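Work through the exercises below with the sequence and the 3D view at hand. Each task is followed by a worked solution.

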Amino acid sequence: MNHKKEFTGPNLAYILELYQKYQANPNAVDEESRKLFQDWSPLDGDSTPHTNASLPTVNLSAITGAVHLARSIRSYGYLSANLNPLEDVEEENRLVSLAFHKLTKEDLASLPASVLSISGTQMDGNAAEAIEKLRSIYSGTIGYDYGHIRTPEERDWLYQTAESGVYRQQPFDKKKLLERLSQVEAFELFLHRIYPGKTRFSVEGLDMLIPMLDEIVDASAREKMPKVLIGMAHRGRLNVLAHILHKPYTQILAEFADPKGRATTWDELGWTGDVKYHAGAQKLVGDAKEIHTVIHMPANPSHLEQIDPVLVGMARATNTKVDRGGAPKYENASLPVLIHGDASFIGQGIVAETLNFSHVQGYKTSGTLHIVANNQLGFTANENESRSSLHASDLAEGFEIPVIHVNADDPVACLEAIKTAFAYRQKFEKDFVINLIGYRRYGHNEGDEPRFTQPVMYRKIDKHPTVRKIWAKKLEEENLLNPNEAEEIIQGFLKNLQQASEQLDAEKELIEPIPTPPPSGAAQKVKTAVTQKRLKDLNGNLLLFPDSFRLNLKLVKAIEKRKTLFNDSQAKIDWAAAEELAFASILEDGIPIRLTGQDSARGTFSQRHAIFYDSETGDKHIPLQTIPQAKAAFEVLNSPLSEAGAIGFEIGYSLAAPERLVIWEAQYGDFVNNAQGVIDEFLLSGRAKWGFTPSLVLLLPHGNEGQGPDHSSGRIERFLGLAAEINVRIAYPTTAAQYFHLLRRQALLLKTDPLPLIVFTPKGLLRHPLTSSSIEEFTSGKWQRVIDDSTLPGKKSDVQNLILCSGRIYVDLVTSELRKENKDDAIVRVEQLYPFPQKQLKALLDEYPNLERLIWIQEEPFNMGAWNYLRPLLKDLVEEKLSVHYVGRPESSSPAEGSSTLYRINQQLLIEQAFAFEKQLQTSSVVKTRG
């Protein structure tokens with residue numbers, strides 16, 4: 001038996017320690033170990049095992065030290081690797097030194113190489129030679145950072161792959177690589193010469209990024225991966241667009257020319273476009289018979305890493321099949337690739353939020369490939385000013401993601417890194433990070449002077465040859481290239497660019513991704529009512545549970561009551577039931593639904609219960625996945641406690657799957673603040689800049705109920721401030737039926753008039769009788785942008801004050817005792833805040849012939865809520881025929897009181913002010929009225 005082959009690496013080190021104990025005292029080890037050591041020696045090889053009596057003298061300390069040294073080189077060799085193109089490693093890291101492991105060269109030379117196990121390497125020679133072999137692997141121009149990987153199968157595969165050299169030794173066309181590097185460099189040289197100082201965020205210093213992406217595209221096509229998604233910031237983006245996405249040179253040159261006659265449709269759709277280095281593109285890869293792979297790079301703003309969750313959301317949508325009822329089906333149908341900046345990868349929190357999705361059910365993507373385009377600088381900040389970690393990629397280690405650090409000036413190492421990453425991803429379906437360490441030939445942009453802040457670094461860069469020149473020299477030394485051939489190759493590419501420039505018709509070549517306007521009146525024409533029979537059948541099936549399912553006793557009464565809902569024509573449907581019936585009817589219409597968010601399965605306020613849990617076993621039951629009427633899949637997930645990442649993910653999901661109803665819900669609307677950047681950039685301005693048409697729904701619990709400044713406001717004012725050119729729908733519904741029709745309308749408009757939908761939802765009023773609706777409102781009603789006063793105490797001709805409001809304050813108004821005393825006040829609800837319902841409001845005002853004033857009342861402070869958005873619109877609406885006034889809290893930097901007592905006092909004061917408005921004007925009350 002060959003015992004030696006049973007123990008390698010850390011296992012061998014452990015056995016050696018046991019063997020030392022055994023030699024000192026056989027009784028110090030267990031009986032099984034004693035039996036092993038009776039006929040085993042640390043020097044056993046492939047020959048007949050030594051017996052204990054014939055053992056040669058063994059230096060166990062040297063053997064143990066050698067094994068530990070080999071293990072340290074595997075784990076920490078990258079700390080001594082030659083990774084920086086601008087600097088050589090000055091000294092060896094002590095963790096991989098002989099002295100640290102109490103070894104000498106003679107110790108290693110006295111041991112056979114078989115003491116150490118190196119994958120794919122013949123075990124001849126001595127341990128000193130084996131250690132040098134390991135150093136050449138782990139401390140060359142590539143650094144394998146795998147020590148944090150805990151899964152044995154993955155760790156063993158990674159080390160074996162590195163040591164066998166399987167991806168280092170694969171043959172490739174070296175001259176073709178030179179041509180590619182020449183094409184990459186020529187593109188940058190030409191733009192720098194023709195458009196000096198114009199911002200392009202050159203890839204120079206990280207040129208190998210393009211051949212690495214070539215390898216990803218080729219490997220994906222070989223694997224017949226349906227889609228490759230690439231997300232990146234602006235560094236090198238133009239080069240990627242030109243050479244990976246094949247965006248025509250003429251189109252890029254036209255964008256640089258920026259012709260005066262550039263068309264705009266600002267008046268039509270608010271089209272603004274964006275700078276050229278934010279643009280996206282798409283390319284089909286295949287042959288004449290079949291398209292194997294689609295390469296897609298969506299647009300990205302200057303908020304460098306915000307594309308990260310968007311892209312993995314797109315990948316998740318691509319991987320998810322939803323064309324049947326029940327739960328979605330998952331397959332590995334896309335490869336997401338994220339290219340990060342070194343300063344932003346470690347500095348932007350949204351990166352950690354995105355990495356956290358990698359193993360989360362409902363969010364994982366079968367592995368994302370990450371490339372950190374590391375030019376060793378931020379804008380002007382040095383590495384020690386940008387991070388506390390040693391490497392820019394160290395964040396990934398906390399998520400147990402393998403990392404390869406590689407010198408961007410070594411093409412062979414770069415190709416090995418990307419091949420390893422792709423193979424690992426395909427085998428284990430997990431993320432992989434490559435830290436591509438290079439430099440930046442110019443400043444942050446080409447008009448910036450980096451020598452102000454990095455004079456020493458840029459003296460080195462000025463003298464440093466490009467990777468093309470380095471590779472060309474190597475090929476010349478290998479007699480694969482004639483002396484002048486490299487220059488001829490790059491001049492050929494420069495000539496092509498020059499010809500494209502000379503023939504350029506900039507206005508003709510410029511292509512803007514302007515979205516097609518929706519058909520006129522689509523939102524008003526859609527029918528959202530559902531027959532009572534459909535509702536009754538859906539309701540019945542939603543309340544069926546498996547025979548053995550043990551429902552929580554606290555829910556039994558509510559379920560039993562719900563079963564009789566359609567037995568009484570006078571019954572009222574509450575908010576949660578209306579939502580579930582809306583979802584069920586949408587699924588019956590064949591439209592898939594994805595509902596995620598913070599505690600969304602149960603609902604923050606225990607109202608939803610989209611998932612029931614068996615009270616004994618914890619097994620799940622999801623009614624919307626079991627109803628027989630469903631023609632599409634339903635998915636409900638509690639998202640990680642994230643806003644920017646989670647909402648970005650859902651934006652990407654909705655962009656990749658526009659035919660699905662995608663919903664994200666906040667625990668409280670206030671928390672959406674943390675996602676403001678991704679909402680601004682992608683959700684609300686994406687169409688104007690890039691032609692995006694997201695249709696994500698945000699459910700934001702909103703309303704001042706005395707719970708303090710952080711549990712009161714979904715920030716209506718911020719969404720209204722970004723609403724323009726019909727880029728979003730913003731609603732604050734007050735009844736269950738309104739919410740039902742709003743959800744159904746959104747679902748039915750996904751293909752004809754897709755827009756984001758922001759819904760401010762109730763909290764304490766979820767179960768209030770006034771928010772419940774009759775069955776008839778579901779079966780014959782529709783979404784009402786404005787709701788007239790249905791409980792007006794007097795006649796419309798007597799009304800002098802029209803009180804306009806939105807949301808929960810309506811309930812406080814109509815339940816107030818003052819309501820009965822003020823018959824000349826009508827209360828009208830503005831349910832849709834944007835687009836502004838001018839036509840509906842105008843028609844309603846005409847029904848009140850003796851109006852004198854409009855009064856807008858809101859709970860929010862004067863500088864928040866809807867008032868500042870509505871004020872000019874209401875003034876235009878009444879055309880100076882009526883006065884327009886405000887009732888609400890005064891200006892404040894905080895959205896609500898911290899005291900529930902103070903809240904109740906102030907809320908009552910608002911109600912009194914609204915109903916006694918005329919009297920207060922006459923008596924010069926301290927109440928502020930602002931027109």
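A polar contact is a pair of N or O atoms within 3.5 Å; within protein, one of the two must be able to donate a hydrogen and the other to accept it. The model used here is a predicted one.

**Exercise 1.** Find the element that holds Glu215, and list its contacts beyond the neighbours within four places in sequence.

Solution. Step one: Glu215 lies in helix α8, which covers residues 209-222. Step two: with neighbours within four places left aside, Glu215 is in contact with Arg222, Ile418 and Lys419. Step three: the side chains of Glu215 and Arg222 form a polar contact at 3.4 Å.

**Exercise 2.** Is Glu215 buried or exposed?

Solution. Buried means under 20% relative accessible area. Glu215 has 16% relative accessibility, so Glu215 counts as buried.

**Exercise 3.** In which sense do β22 and β23 pair, and over how many bridges?

Solution. Strands of a sheet pair through backbone hydrogen bonds, either parallel or antiparallel. Strand β22 (residues 801-805) and strand β23 (residues 825-830) pair in the parallel sense, over 5 bridges. Asn801 stands opposite Asp825 in β23.

Note on methods. Residues numbered from 1 in each chain as written. Predicted model: local features only at pLDDT ≥ 70, side-chain atom pairs only at ≥ 80, totals over all residues. Heavy atoms only, no water. Pairing = 2+ DSSP bridges. Helix = DSSP H or I, 4+ residues; strand = E, 2+ residues; numbered from the N terminus. Buried < 20%, exposed > 50% of the residue type's maximum accessible area, 1.4 Å probe, protein only. Contact = heavy atoms within 4.5 Å.
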